[in-house]
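Subject: Structure handover, pockets

Hi,

Here is the structure for your pocket work. My notes follow below it.

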Amino acid sequence: AQGFTCVHLALGKLIPGFKMSDAPALLTDELAAQVRAELDKNGQTCVLLGCYLNLCSPDMEDHQKTVEIYKAHLRFAKKIGALLVGTETGAPNTTYSTCPECFTEEALQLFIERVTPVVRYAEEIGQLFAIEPVIRHIVSTPERCERVLKAVNSPNLRIILDAVNLLTPENHLRRDEIISDALHRFGDRIRILHMKDYTVVDSQSDVKASACGTGLMDYTRLLTFAKAHPGLPMTLENTIPANAVAAREHLEQLALRL
């Protein structure tokens, strides 16, 4: 009703009582049929089924369960017609928390080792899988993300680009350079744009995310890229029903001026 055509589903946030730890058993054919019917009824496409779990936990029993949850989401994504399953890139600890080890070469190689079997499964069933770089996680820069793409070497591995996730209070003034670098390195491997805004708050180590049009973000490069790639989905973050339309219209008006 608000004029949107696609959705990013996170079942653990959408369905009361849905525990990701129980996902393989909960992702039934019946649930898939119900979700797909709701999407069709409302004229929506699921462009991203979220499965944002840590692939780099040192607890191997927990890791094996996580891999099975990813595989279950890949199967479920096919059943509901989702474009891809997406994830962020984790941390080498059991708490999924930022630590100095996140930014080491060892952590990057561990992520490549852990994500590769998931991508190979995506290839096997004909589904896309995407990673989302985040400045506080293992794949923290466009350069590290490009290395993952080259190492895994799969057409089924794509990128979710959330430009604000690559910014900090220290680097945000180089925002245009960082975005241009990401667009150059990833190119057509970018399959979804996550769109949000940000402000810088004194004493906070991260930028403060907000709805599009309420902060410091310049969307020129992202919207130019999107216009050059017709059909590239965008989903809004940090919105609620009360401000989602304003955020969408802000982006649409900017795009018209390009």
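Helices (H or I, at least four residues) and strands (E, at least two) are DSSP runs, numbered from the N terminus. This is a predicted model: local features need pLDDT of at least 70, side-chain atom pairs count only at pLDDT 80 or more, and totals for chains, interfaces and linings use all residues. Numbering runs from 1 along each chain as its sequence is written, and side-chain values use heavy atoms, with hydrogens and water left out.

A pocket is an open set of points on a 1 Å grid over the protein atoms alone, where a 1.4 Å probe fits, with protein on both sides within 12 Å along at least five of seven lines; lining residues have an atom within 4 Å of a point. Points are joined across faces, edges and corners, and volume is the space filled by probe spheres set on them.

Largest pocket: the volume is about 1500 Å³. It has 43 lining residues, and Cys6, Val7, His8, Thr235 and Leu236 are the closest to its centre. At least two lining residues each come from β1 (6-9), α1 (11-14), α8 (220-228), β9 (234-236) and α9 (244-257). α9 has the largest share, five residues. The lining has 24 nonpolar (Ala, Val, Leu, Ile, Met, Phe, Trp, Tyr, Cys, Pro), six charged (Asp, Glu, Lys, Arg) and 13 polar residues (the others, Gly among them).

Second largest pocket: the space is about 230 Å³. Its lining includes Val7, Leu9, Leu31 and Glu38. α3 (29-41) and β1 each supply at least two lining residues. α3 gives the most, five. By class, seven are nonpolar, three polar and one charged.

Best wishes
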